[in-house]
Amino acid sequence: MQINIVRPFMPKLEEIEADFAACLDSGLVTNNSMHVRRFEEKLQEYFGCKIKPIVNCNGELALFHLIQAGKAKLGYGPHDSFEVLVPSFTFSGTINAIVTNNLRPVFCDVDEHLVVDLAKAVVDSPDIQMIVAVGAYGNLVDLDELQKFAAANKLIVILDNAPAFGSKFNSKFPCAYGFSEMLSFHATKIFNSMEGGANIVHDRQIADYLVHLRDFGQFEKARGDVDLPGLNSKMTEVCALVGLRNLQKIDYILSTRAKNAARYVEFFSGLDACGQLRAMKVDPKVTCPYLYFPIILNDEATSFVEWMHSRNIAVRRYYTASHDLSFYRGRYRQQDLSFTNAIKDNVVALPLHTIMTEEEIEYLFDTVAGYFRK
């Protein structure tokens, strides 16, 4: 049996074939054409947000532009710089989007929920103007506490919720709390459009910036005048078509994942109780759709990874400590990273798919149990 790290949930070709053929016949395959606009409308209906989500060709550029727009909202130009609180325990893309905006990350710690530890994060300089909180594996920081922290320190908040489509806090989507949020629709994510991403915001000026930024910064087309230096970050029609079809099935996607995740939680809670590993903690107020199932081993993870791979189960060393990556090592300030440093070599992400057979789930559990018996 082979279990891959991801199994993208995709529509059948016949579900998009006629619409895509019409796009090819018309030549309207990009430049915010009909299906992209409809995708944004359907996302707005799903999330219940006041401003239509702004879709992009991928989540990384969506995050880059969201940080860029937030920086402009504060009155800073492209060459200006300030500091951004951000957990080190995240994918490099989070940090890259900060640094390529000429901003300086201040690496802070996470807690047992693997999200930013607000009790340890400190605004220790007037240069800190923003915090980027990451929805690691679909888990969320306490959004009430994040609101208080941001208000007390006068910070712009951005949620890098690339892995967190469908996550809720107190039964509400994160956008209900008024934060600016990025979602990724990459093929590996819980909800996908093959490739893509979106920003959900509540500030009309930032929304206007984002619409311009994905189209080279153009605010008018007669002469192509720009108000900010944007990029070509527009979503294609074929990606929008895939997103539209998958959005029609989102309740099935999330409910099926929830059933599979409940099985994982039950099994790994037993190993956690025996002290063989630690599972990610999830606050009862959080609905976590689990992009992968992370475990924290008691020892460095290489032997476990080799064991799983030798039995045809793909696992991933994901996330790790971004402050320890080659480019970032020693370049930027760090706060107390004691928990991140303690777990960074011990974390393994296990495959958890929308569609998994009972045989696959049992084989994965038996293989993990076999590792601890050997």
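So, Y290: this residue sits in the loop between β11 (286-287) and β12 (293-297), where helices (H or I, at least four residues) and strands (E, at least two) are DSSP runs, numbered from the N terminus. Y290 has a positive phi of about 55°, although it is not a glycine. Is Y290 buried or exposed? Buried, with a relative accessible area of 8%; the cut-offs are under 20% for buried, over 50% for exposed, and partly exposed in between, with a 1.4 Å probe and protein chains only.

Before I go on, a word on the source: this is a predicted model, where local features need pLDDT of at least 70, side-chain atom pairs count only at pLDDT 80 or more, and totals for chains, interfaces and linings use all residues. Residues are numbered from 1 along each chain as its sequence is written, and side-chain values use heavy atoms, with hydrogens and water left out.

Okay, back to the backbone. Most residues other than glycine have a negative phi, and most peptide bonds are trans. M194 is another non-glycine with a positive phi, this one about 75°. You'll find M194 in the loop between β8 (180-184) and β9 (197-200). M194 counts as partly exposed because its relative accessibility is 32%. Then there's a cis peptide bond, from Y318 to Y319, with omega near 0°. Y319 belongs to the loop between α9 (302-310) and β13 (320-321).

One of the bridge pairs is P87 with C108 in β4. As for cover, 4 of the 5 residues of β4 are buried, so β4 is largely enclosed by the rest of the structure.

Helix α4 spans residues 92-99, with 6 of its 8 residues buried. Which ones are buried? G93, T94, I95, A97, I98 and V99. And what covers them? The cover includes α3 (59-73), β2, β3 (89-90), β4 (104-108), β5 and β6, with contact meaning heavy atoms within 4.5 Å.

Stepping back to the whole chain: we have 11 helices and 14 strands. With 374 residues, a compact globule would have a radius of gyration near 21 Å, and the chain has 21 Å, so the two agree. That radius is taken over C-alpha atoms, and the globule rule is 2.2 Å times the number of residues to the power 0.38. The C-alpha atoms fill a box of roughly 70 × 55 × 35 Å along the principal axes. Of the 374 residues, 56% count as buried. And for contacts with a separation of 6 or more, 72% come from residues 24 or more positions apart.

Key: Pairing = 2+ DSSP bridges.
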